[in-house]
Amino acid sequence: MLSNQQWTKELQDFHEELEAVNLGPLWASISAFNSVEPIAKPVPYLWKRELIDDKLDKAKTLLEVGVGSAERRAVFLINPGMKDLKPYGWGGTTQTLYAAVQAVNPGELAPPHRHTSAALRFVMKGRGGYGTVDGERITFEPGDYLITPDWSWHEHINEGEEPVIWMDCLDTPFIMAMNVSFTEFYPERRQPLTVPDDFSSRRYQGGMVRPVSDRQPKNIALGRYRWDLTKKALDGLSEFDPDPVEGYAVEYINPSTGRDADGRLGAWMQKLPPKFHGRAHRHVHTNVYHVYQGRGYTVMNGVRFDWSAGDFFAVPSWTWHEHVNLSDIQDAYLFSTNDIPMMEAFHFERQADYLENDGHQEVVDAFQPIMP
Ligand SMILES: [Fe+2]
Ligand SMILES: [Fe+2]
């Protein structure tokens, strides 16, 4: 809506006259279009593990995956600032990222489909699950990071004895905003396996070397990033001083190109050593964090968000934030997804360090999360 305060009655009437015929006066709107800084619709927010577990348990009693229209059993995280975008806030956890927690029970099969949105997964708990991505069966364990780039066929199967639960992150809000969503359903219950099981992770098990044939880059050079290897990388970094903002952090890359593992979605695993108190910064790119292990808090725009293992929180664009590990003896591990590849592709990315007060925000409030 236009603000009419500084305009004469005649001009105010003219603004209404324009609006009535679907036209607009730039002179009255220009400061909204050209904001001095980003004005994020999403707000800093945190979802507790207990709440998500409770709702996912209820969904388990109400739905069976693969039966009827229940293609997937996932509860997604809606940012309260995005709620007015229908349906369901376009799944917006931030402006660009959709995050969810998905459960597949023993014996269930979430059938194959593919879509324009890119998807990544972080395995939270449960063994015995696997996915098939473009003809490759990919097994996984807790702590693993998995990719399903856009338009790749994928299905999820649980042949174990316990529920398998993971975090999904897709670029759905971005895809919806761009009006480019396509989805296709595989005509059979399963897609055919076209390469040996765990083909990509077996080809890349050596670490920082690549098969010579991958000099021609592949979209899915590696489908699974094992937790033990990620942890080893963080252990190596931990032999040196931590970064004052991030602690110790690594990003998942496509080993055939050196670029992000997915073309549009980025992901990190970050370790905060005991008593770590990071300095604050802010950036245009947004994050959805999942607390894999540990206990601490993040200050976002002066509000303290306490977290523990299993929680999720959203960092919107241009939000001051700093991370703290509350433990004296244990490391905290934060998995996070981001939209850095999108922001960089459009030359949007910017970053600023918080320079006052030795890099620490004044804490003026504490966030009260919704509990079950
Ligand atoms: Fe999917
Ligand atoms: Fe950050």
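Biologist: How many bridges join β1 to strand β19, and in which sense do they run?

Modeller: Strands of a sheet pair through backbone hydrogen bonds, either parallel or antiparallel. In this predicted model, β1 and β19 (residues 312-315) run antiparallel, joined by three bridges. Helices (H or I, at least four residues) and strands (E, at least two) are DSSP runs, numbered from the N terminus, and two strands count as paired if DSSP finds at least two bridges between them. Leucine 46 has phenylalanine 313 in β19 as its bridge partner.

Biologist: Before we go on, what should I know about numbering and confidence?

Modeller: Residues are numbered from 1 along each chain as its sequence is written, while chains are lettered from A and ligands numbered from 1 in the order in which they are written. Local features need pLDDT of at least 70 and side-chain atom pairs count only at pLDDT 80 or more, whereas totals for chains, interfaces and linings use all residues.

Biologist: Which strands form the open sheet, and in what order?

Modeller: There are six, ordered β1-β19-β16-β21-β14-β13, with antiparallel pairing. β1 (45-47) and β13 (248-251) each have a single partner strand, so one side of each lacks a neighbour in the sheet. From one strand to the next, the twist averages 20°. Helix α6 (residues 227-237) packs on this sheet, touching β13 and β14 (266-272), and its direction makes about 140° with that of β13. Axes here are lines fitted to C-alpha atoms, for helices over the stretch in contact, and angles run from 0 to 180 degrees between N-to-C directions; contact means C-beta atoms, placed from the backbone, within 7 Å.

Biologist: Which way do the side chains of β10 point?

Modeller: In a regular strand the side chains alternate between the two faces of the sheet. In β10, Val164, Trp166, Asp168 and Leu170 point one way, and Ile165, Met167 and Cys169 the other. Seven of the seven residues of β10 (164-170) are buried, that is, with 20 or more other C-beta atoms within 10 Å of their own, those atoms being placed from the backbone (12 or fewer is exposed, in between is partly exposed).

Biologist: Which residues have the most contacts inside the largest nonpolar core?

Modeller: In soluble globular proteins, nonpolar side chains tend to be buried together. Here the largest core has 65 residues, and Ala99, Leu120, Cys169, Phe313 and Leu334 have the most contacts inside it. Such a core is a set of buried Ala, Val, Leu, Ile, Met, Phe, Trp, Tyr and Cys residues joined through C-beta atoms within 7 Å.

Conventions. Contact = placed C-beta atoms within 7 Å.
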